[in-house]
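Grab a pencil and work through these exercises with the structure open beside you. Try each task before you read its solution.

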Amino acid sequence: MENSEPYRLSEVPVAPSTFDREVVFIDMPESDLSARRILTHTLLFLITAATTTITGASWVVRVTDNSWFGLFFGPPLAVIHETLAGNLFPLTQGLIFSTTLLVILAAHEFGHYFACRYYGIRATLPFFIPAPPIVGLTLFGTFGAVIKIKAPITSRRALFDIGIAGPLAGFAVALPASIIGLAIAKPAPFVESLPSEGVQFWDPLLFRVISWALGTPPMIDWNPVYWAAWGTLLVTALNLFPVGQLDGGHVLYAVFGKQVHKWISRLVVVATAALSILALIQYQPPVYGFWTLVLLFLLKVGHPPVAEDEPLGRARTILAVVALIVFILCFMPFPITTLSPGQ
(Lines give C-alpha, C1' and ligand atoms only; values in the text may rest on other atoms or scores of the structure.)
Protein backbone atom coordinates (compact mmCIF):
# COMPACT_ATOMS: atom_id res chain seq x y z
CA MET A 1 0.00 0.00 0.00
CA GLU A 2 1.23 3.45 -0.78
CA ASN A 3 1.00 6.68 1.10
CA SER A 4 -1.11 9.50 -0.22
CA GLU A 5 0.29 11.74 -2.93
CA PRO A 6 1.82 14.86 -1.32
CA TYR A 7 0.48 18.19 -2.42
CA ARG A 8 3.03 20.02 -4.56
CA LEU A 9 4.02 23.49 -3.38
CA SER A 10 5.02 25.86 -6.18
CA GLU A 11 6.71 29.00 -4.90
CA VAL A 12 6.16 31.82 -7.44
CA PRO A 13 7.98 35.14 -6.75
CA VAL A 14 5.87 38.27 -7.20
CA ALA A 15 7.22 41.68 -8.30
CA PRO A 16 8.74 43.55 -5.31
CA SER A 17 6.77 46.65 -6.26
CA THR A 18 3.59 44.77 -5.45
CA PHE A 19 4.43 42.73 -2.35
CA ASP A 20 7.68 41.99 -0.60
CA ARG A 21 6.92 38.29 -0.19
CA GLU A 22 6.28 35.06 -2.06
CA VAL A 23 2.90 33.65 -3.03
CA VAL A 24 2.44 29.90 -2.61
CA PHE A 25 0.03 27.97 -4.85
CA ILE A 26 -1.12 24.47 -3.98
CA ASP A 27 -1.56 22.07 -6.93
CA MET A 28 -4.25 19.62 -5.92
CA PRO A 29 -3.69 16.02 -7.12
CA GLU A 30 -5.65 15.02 -10.19
CA SER A 31 -8.91 13.24 -9.47
CA ASP A 32 -8.73 9.45 -9.66
CA LEU A 33 -11.99 9.57 -11.63
CA SER A 34 -10.90 12.18 -14.15
CA ALA A 35 -11.72 11.60 -17.82
CA ARG A 36 -8.05 10.97 -18.66
CA ARG A 37 -7.61 8.34 -15.96
CA ILE A 38 -10.90 6.62 -16.79
CA LEU A 39 -9.73 6.45 -20.41
CA THR A 40 -6.47 4.85 -19.28
CA HIS A 41 -8.29 2.20 -17.25
CA THR A 42 -10.70 1.54 -20.12
CA LEU A 43 -7.93 1.12 -22.70
CA LEU A 44 -6.01 -1.28 -20.46
CA PHE A 45 -9.19 -3.28 -19.89
CA LEU A 46 -9.94 -3.49 -23.63
CA ILE A 47 -6.39 -4.55 -24.46
CA THR A 48 -6.52 -7.19 -21.72
CA ALA A 49 -9.88 -8.40 -23.02
CA ALA A 50 -8.29 -8.83 -26.46
CA THR A 51 -5.21 -10.70 -25.17
CA THR A 52 -7.23 -13.01 -22.92
CA THR A 53 -9.71 -13.73 -25.72
CA ILE A 54 -6.95 -14.68 -28.16
CA THR A 55 -5.20 -16.76 -25.48
CA GLY A 56 -8.41 -18.62 -24.60
CA ALA A 57 -9.11 -19.27 -28.27
CA SER A 58 -5.55 -20.55 -28.74
CA TRP A 59 -6.22 -23.48 -26.42
CA VAL A 60 -8.69 -25.05 -28.88
CA VAL A 61 -6.75 -24.73 -32.14
CA ARG A 62 -4.34 -27.30 -33.49
CA VAL A 63 -0.87 -26.29 -34.64
CA THR A 64 1.37 -28.73 -36.50
CA ASP A 65 4.45 -26.49 -36.63
CA ASN A 66 6.79 -27.80 -33.92
CA SER A 67 9.39 -25.06 -34.35
CA TRP A 68 9.88 -22.35 -31.75
CA PHE A 69 7.92 -19.97 -33.97
CA GLY A 70 5.03 -22.41 -34.21
CA LEU A 71 5.11 -23.05 -30.47
CA PHE A 72 4.81 -19.38 -29.52
CA PHE A 73 3.08 -17.69 -32.43
CA GLY A 74 1.28 -20.57 -34.12
CA PRO A 75 -1.85 -20.61 -31.90
CA PRO A 76 -2.68 -16.87 -32.18
CA LEU A 77 -2.13 -16.97 -35.93
CA ALA A 78 -4.27 -20.10 -36.19
CA VAL A 79 -7.08 -18.33 -34.30
CA ILE A 80 -6.99 -15.44 -36.76
CA HIS A 81 -6.93 -17.86 -39.70
CA GLU A 82 -9.87 -19.91 -38.40
CA THR A 83 -11.91 -16.77 -37.68
CA LEU A 84 -11.31 -15.32 -41.15
CA ALA A 85 -12.20 -18.72 -42.64
CA GLY A 86 -15.58 -18.61 -40.92
CA ASN A 87 -14.88 -21.05 -38.08
CA LEU A 88 -15.97 -19.03 -35.05
CA PHE A 89 -15.71 -21.86 -32.50
CA PRO A 90 -12.20 -20.92 -31.23
CA LEU A 91 -13.17 -17.25 -30.98
CA THR A 92 -16.37 -18.14 -29.11
CA GLN A 93 -14.41 -20.24 -26.61
CA GLY A 94 -11.95 -17.39 -26.19
CA LEU A 95 -14.74 -14.91 -25.49
CA ILE A 96 -16.27 -17.21 -22.86
CA PHE A 97 -12.87 -17.66 -21.23
CA SER A 98 -12.08 -13.95 -21.28
CA THR A 99 -15.46 -12.94 -19.89
CA THR A 100 -15.28 -15.44 -17.03
CA LEU A 101 -11.71 -14.54 -16.16
CA LEU A 102 -12.16 -10.77 -16.26
CA VAL A 103 -15.39 -10.82 -14.27
CA ILE A 104 -13.66 -12.75 -11.46
CA LEU A 105 -10.61 -10.47 -11.53
CA ALA A 106 -12.85 -7.39 -11.55
CA ALA A 107 -14.82 -8.70 -8.57
CA HIS A 108 -11.56 -9.14 -6.65
CA GLU A 109 -10.24 -5.65 -7.39
CA PHE A 110 -13.55 -3.85 -6.94
CA GLY A 111 -13.86 -5.60 -3.58
CA HIS A 112 -10.73 -3.71 -2.53
CA TYR A 113 -11.88 -0.53 -4.26
CA PHE A 114 -15.30 -0.26 -2.64
CA ALA A 115 -13.84 -1.13 0.78
CA CYS A 116 -11.45 1.80 0.31
CA ARG A 117 -14.31 4.06 -0.69
CA TYR A 118 -16.27 2.97 2.39
CA TYR A 119 -13.45 4.14 4.64
CA GLY A 120 -12.80 7.32 2.63
CA ILE A 121 -9.37 6.15 1.47
CA ARG A 122 -8.23 7.31 -1.96
CA ALA A 123 -7.77 4.49 -4.45
CA THR A 124 -7.67 4.13 -8.20
CA LEU A 125 -9.95 2.05 -10.34
CA PRO A 126 -8.49 -1.36 -11.29
CA PHE A 127 -5.57 -1.44 -13.70
CA PHE A 128 -5.92 -4.56 -15.86
CA ILE A 129 -2.51 -5.78 -17.03
CA PRO A 130 -2.41 -7.42 -20.47
CA ALA A 131 0.12 -10.09 -21.37
CA PRO A 132 1.23 -11.38 -24.77
CA PRO A 133 -1.45 -13.78 -26.10
CA ILE A 134 1.12 -16.55 -26.46
CA VAL A 135 0.28 -19.78 -24.64
CA GLY A 136 3.95 -20.76 -24.44
CA LEU A 137 4.72 -17.59 -22.44
CA THR A 138 1.55 -16.82 -20.51
CA LEU A 139 -1.22 -19.25 -19.71
CA PHE A 140 -4.02 -16.69 -19.45
CA GLY A 141 -3.15 -13.62 -21.55
CA THR A 142 -2.99 -11.34 -18.52
CA PHE A 143 -0.82 -10.66 -15.50
CA GLY A 144 -3.92 -9.88 -13.44
CA ALA A 145 -5.22 -6.56 -12.17
CA VAL A 146 -4.31 -4.15 -9.39
CA ILE A 147 -5.57 -1.01 -7.72
CA LYS A 148 -3.35 1.67 -6.24
CA ILE A 149 -4.21 2.85 -2.73
CA LYS A 150 -3.07 6.44 -2.31
CA ALA A 151 -3.54 7.05 1.39
CA PRO A 152 -2.29 5.30 4.53
CA ILE A 153 -4.60 2.80 6.23
CA THR A 154 -4.45 3.74 9.89
CA SER A 155 -7.20 1.53 11.36
CA ARG A 156 -6.95 -2.21 12.04
CA ARG A 157 -10.56 -2.68 11.00
CA ALA A 158 -10.04 -0.76 7.76
CA LEU A 159 -6.88 -2.75 7.02
CA PHE A 160 -8.69 -6.02 7.64
CA ASP A 161 -11.76 -5.11 5.59
CA ILE A 162 -9.78 -3.75 2.63
CA GLY A 163 -7.41 -6.72 2.64
CA ILE A 164 -10.06 -9.42 2.86
CA ALA A 165 -12.68 -7.83 0.60
CA GLY A 166 -10.80 -8.63 -2.62
CA PRO A 167 -10.17 -12.37 -2.16
CA LEU A 168 -13.64 -13.06 -0.76
CA ALA A 169 -15.38 -11.09 -3.54
CA GLY A 170 -13.31 -12.85 -6.20
CA PHE A 171 -13.90 -16.26 -4.63
CA ALA A 172 -17.64 -15.59 -4.43
CA VAL A 173 -17.67 -15.27 -8.23
CA ALA A 174 -15.07 -17.98 -8.89
CA LEU A 175 -17.08 -20.56 -6.90
CA PRO A 176 -20.12 -20.68 -9.25
CA ALA A 177 -17.74 -20.51 -12.23
CA SER A 178 -15.92 -23.55 -10.83
CA ILE A 179 -19.18 -25.45 -10.44
CA ILE A 180 -20.31 -24.56 -13.97
CA GLY A 181 -16.93 -25.39 -15.50
CA LEU A 182 -16.89 -28.85 -13.89
CA ALA A 183 -20.61 -29.48 -14.50
CA ILE A 184 -20.26 -28.95 -18.27
CA ALA A 185 -16.91 -30.76 -18.49
CA LYS A 186 -16.76 -33.65 -20.93
CA PRO A 187 -14.55 -36.72 -20.53
CA ALA A 188 -11.25 -36.42 -22.34
CA PRO A 189 -11.51 -38.47 -25.56
CA PHE A 190 -9.76 -41.85 -25.65
CA VAL A 191 -8.21 -41.40 -22.21
CA GLU A 192 -8.58 -44.17 -19.64
CA SER A 193 -5.70 -43.21 -17.34
CA LEU A 194 -3.16 -40.48 -16.71
CA PRO A 195 -0.97 -39.67 -19.72
CA SER A 196 2.59 -41.03 -19.72
CA GLU A 197 4.14 -37.80 -21.01
CA GLY A 198 3.40 -34.11 -21.44
CA VAL A 199 2.28 -31.31 -19.12
CA GLN A 200 -0.24 -32.04 -16.38
CA PHE A 201 -2.33 -29.38 -14.62
CA TRP A 202 -3.51 -30.40 -11.15
CA ASP A 203 -6.73 -29.23 -9.54
CA PRO A 204 -7.08 -27.38 -6.24
CA LEU A 205 -8.96 -28.96 -3.36
CA LEU A 206 -12.11 -27.00 -4.24
CA PHE A 207 -12.24 -28.61 -7.69
CA ARG A 208 -11.78 -32.06 -6.19
CA VAL A 209 -14.66 -31.52 -3.78
CA ILE A 210 -16.93 -30.23 -6.55
CA SER A 211 -15.87 -33.06 -8.90
CA TRP A 212 -16.69 -35.62 -6.21
CA ALA A 213 -20.11 -34.05 -5.62
CA LEU A 214 -20.94 -33.87 -9.34
CA GLY A 215 -19.37 -37.15 -10.35
CA THR A 216 -17.05 -35.42 -12.82
CA PRO A 217 -14.76 -37.80 -14.76
CA PRO A 218 -11.16 -37.90 -13.50
CA MET A 219 -9.84 -36.79 -16.91
CA ILE A 220 -11.81 -34.05 -18.66
CA ASP A 221 -11.47 -32.12 -21.88
CA TRP A 222 -10.53 -28.43 -21.74
CA ASN A 223 -13.33 -25.91 -21.43
CA PRO A 224 -13.03 -22.12 -21.03
CA VAL A 225 -15.05 -21.70 -17.83
CA TYR A 226 -13.07 -24.41 -16.06
CA TRP A 227 -9.76 -22.88 -17.14
CA ALA A 228 -10.72 -19.34 -16.14
CA ALA A 229 -11.83 -20.57 -12.71
CA TRP A 230 -8.63 -22.62 -12.31
CA GLY A 231 -6.46 -19.61 -13.06
CA THR A 232 -8.31 -17.23 -10.76
CA LEU A 233 -8.26 -19.71 -7.88
CA LEU A 234 -4.48 -19.88 -8.25
CA VAL A 235 -4.34 -16.07 -8.18
CA THR A 236 -6.58 -16.04 -5.10
CA ALA A 237 -4.24 -18.43 -3.29
CA LEU A 238 -1.20 -16.33 -4.19
CA ASN A 239 -2.88 -13.17 -2.90
CA LEU A 240 -3.79 -14.88 0.38
CA PHE A 241 -0.19 -15.79 1.22
CA PRO A 242 0.29 -14.21 4.69
CA VAL A 243 3.34 -12.21 3.70
CA GLY A 244 4.11 -8.49 3.54
CA GLN A 245 1.45 -6.34 1.94
CA LEU A 246 -0.36 -9.13 0.11
CA ASP A 247 -4.05 -9.48 0.95
CA GLY A 248 -3.25 -12.34 3.32
CA GLY A 249 -0.51 -10.22 4.87
CA HIS A 250 -2.97 -7.40 5.59
CA VAL A 251 -5.38 -9.82 7.25
CA LEU A 252 -2.60 -11.40 9.31
CA TYR A 253 -1.31 -7.98 10.44
CA ALA A 254 -4.81 -6.79 11.37
CA VAL A 255 -5.58 -9.94 13.38
CA PHE A 256 -2.26 -10.60 15.16
CA GLY A 257 -0.18 -7.45 14.92
CA LYS A 258 3.33 -6.57 13.83
CA GLN A 259 5.47 -9.24 15.51
CA VAL A 260 3.36 -12.25 14.55
CA HIS A 261 3.06 -10.87 11.01
CA LYS A 262 6.84 -10.55 10.83
CA TRP A 263 7.63 -14.12 11.90
CA ILE A 264 4.86 -15.86 9.99
CA SER A 265 5.87 -13.94 6.85
CA ARG A 266 9.40 -15.28 7.22
CA LEU A 267 8.21 -18.85 7.78
CA VAL A 268 5.97 -18.71 4.71
CA VAL A 269 8.82 -17.44 2.53
CA VAL A 270 11.06 -20.28 3.74
CA ALA A 271 8.29 -22.84 3.09
CA THR A 272 7.68 -21.44 -0.40
CA ALA A 273 11.38 -21.61 -1.23
CA ALA A 274 11.50 -25.20 0.07
CA LEU A 275 8.56 -26.08 -2.17
CA SER A 276 10.44 -24.72 -5.18
CA ILE A 277 13.58 -26.68 -4.27
CA LEU A 278 11.52 -29.85 -3.82
CA ALA A 279 10.06 -29.37 -7.29
CA LEU A 280 13.56 -29.07 -8.76
CA ILE A 281 14.72 -32.21 -6.95
CA GLN A 282 11.78 -34.08 -8.49
CA TYR A 283 12.63 -32.64 -11.94
CA GLN A 284 9.45 -30.60 -11.97
CA PRO A 285 8.86 -26.96 -12.93
CA PRO A 286 9.64 -24.74 -9.90
CA VAL A 287 6.30 -22.95 -10.20
CA TYR A 288 6.81 -21.06 -6.95
CA GLY A 289 10.41 -20.08 -7.71
CA PHE A 290 9.57 -16.64 -9.07
CA TRP A 291 6.91 -16.20 -6.38
CA THR A 292 9.59 -16.81 -3.75
CA LEU A 293 11.52 -13.84 -5.15
CA VAL A 294 8.38 -11.71 -4.99
CA LEU A 295 7.82 -12.74 -1.37
CA LEU A 296 11.44 -11.92 -0.48
CA PHE A 297 10.95 -8.44 -1.92
CA LEU A 298 7.73 -7.98 0.05
CA LEU A 299 9.50 -9.21 3.17
CA LYS A 300 12.19 -6.57 2.71
CA VAL A 301 9.62 -3.80 2.13
CA GLY A 302 7.69 -4.79 5.25
CA HIS A 303 4.26 -3.61 6.32
CA PRO A 304 3.33 -0.05 7.31
CA PRO A 305 2.20 0.39 10.93
CA VAL A 306 -1.41 0.82 11.95
CA ALA A 307 -2.12 3.65 14.39
CA GLU A 308 -5.62 2.76 15.61
CA ASP A 309 -5.45 -0.50 17.55
CA GLU A 310 -9.14 -1.18 18.08
CA PRO A 311 -10.47 -4.76 18.50
CA LEU A 312 -11.72 -6.50 15.36
CA GLY A 313 -14.71 -8.21 16.92
CA ARG A 314 -16.20 -11.68 16.47
CA ALA A 315 -17.54 -11.17 12.92
CA ARG A 316 -14.13 -10.24 11.52
CA THR A 317 -12.49 -13.10 13.38
CA ILE A 318 -14.92 -15.48 11.69
CA LEU A 319 -14.13 -13.89 8.32
CA ALA A 320 -10.42 -14.45 8.98
CA VAL A 321 -11.13 -18.17 9.46
CA VAL A 322 -13.17 -18.13 6.24
CA ALA A 323 -10.21 -16.57 4.42
CA LEU A 324 -7.97 -19.35 5.73
CA ILE A 325 -10.43 -21.97 4.45
CA VAL A 326 -10.55 -20.23 1.06
CA PHE A 327 -6.75 -20.34 0.90
CA ILE A 328 -6.72 -24.07 1.66
CA LEU A 329 -9.38 -24.72 -1.00
CA CYS A 330 -7.47 -22.72 -3.64
CA PHE A 331 -3.83 -23.59 -2.90
CA MET A 332 -2.03 -26.07 -5.17
CA PRO A 333 1.41 -27.29 -3.99
CA PHE A 334 2.30 -28.43 -7.51
CA PRO A 335 -0.08 -26.74 -9.99
CA ILE A 336 1.87 -27.91 -13.03
CA THR A 337 3.97 -31.04 -13.45
CA THR A 338 5.66 -32.66 -16.41
CA LEU A 339 5.71 -36.33 -17.28
CA SER A 340 8.26 -38.15 -19.41
CA PRO A 341 7.99 -41.66 -20.88
CA GLY A 342 10.47 -42.92 -18.27
CA GLN A 343 8.38 -41.77 -15.31
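**Exercise 1: The whole chain.** What percentage of the 343 residues in the protein chain is buried?

*Solution.* First, know what you're looking at: this is a predicted model, where local features need pLDDT of at least 70, side-chain atom pairs count only at pLDDT 80 or more, and totals for chains, interfaces and linings use all residues. Residues are numbered from 1 along each chain as its sequence is written, and side-chain values use heavy atoms, with hydrogens and water left out.

Next, the term: buried means under 20% relative accessible area, exposed over 50%, and partly exposed in between (1.4 Å probe, protein chains only). By that rule, buried residues make up 44% of the 343.

Finally, the chain has ten helices and six strands. These are DSSP runs numbered from the N terminus (helices: H or I, at least four residues; strands: E, at least two).

**Exercise 2: Two residues.** Are Thr53 and Pro189 buried or partly exposed?

*Solution.* Start with Thr53, which sits in helix H1 (residues 35–58). Its relative accessibility is 10%, so Thr53 counts as buried. Now look for its neighbours, using contact in the sense of heavy atoms within 4.5 Å. Leaving out residues up to four places away in sequence, Thr53 touches Leu91, Gly94, Leu95 and Ser98.

Then move to Pro189, in the loop between H4 and strand S5 (198–201). Pro189 has 48% relative accessibility, so this one counts as partly exposed. From Pro189 to Asp221 is 32 residues in sequence, yet 7.3 Å in space, C-alpha to C-alpha.

**Exercise 3: Helix H7.** Why is H7 described as largely enclosed by the rest of the structure?

*Solution.* Count first: eight of the ten residues of H7 are buried, so the helix is largely enclosed. Now name them: Asp247, Gly248, Gly249, His250, Val251, Leu252, Tyr253 and Ala254. What surrounds them? These buried residues pack against H3, H4, H6, H8 and H10. Last, step just past the end of H7, where Gly257 takes a positive phi of about 95°.

**Exercise 4: The nonpolar core.** Which residues have the most contacts inside the largest nonpolar core?

*Solution.* A nonpolar core is a set of buried Ala, Val, Leu, Ile, Met, Phe, Trp, Tyr and Cys residues joined through side-chain atoms within 4.5 Å. The largest one has 44 residues, and the best connected inside it are Trp230, Phe241 and Leu295. Among the elements that give two or more residues are helix H3 (89–118), helix H6 (224–239) and helix H9 (289–301). H6 gives the most, with ten residues.

Zoom in on Leu295: not counting residues up to four places away in sequence, Leu295 touches Phe241, Val243, Leu246, Val269 and Thr272. There's also a second, separate core of 23 residues, including Tyr113, Cys116, Ile164 and Ala320.

**Exercise 5: A pocket.** Which helix gives the most to the lining of the second largest pocket?

*Solution.* On a 1 Å grid over the protein atoms alone, with a 1.4 Å probe, a pocket is an open set of points with protein on both sides within 12 Å along at least five of seven lines; lining residues have an atom within 4 Å of a point. This pocket holds about 320 Å³ of space. Of its 14 lining residues, the closest to its centre are Pro242, Val251, Leu252, Ala320 and Leu324. The elements giving two or more are helix H7 (247–256) and helix H10 (314–330). H10 gives the most, with six residues.

How values were computed
Grid points are joined across faces, edges and corners, and a volume is the space filled by probe spheres set on the points.
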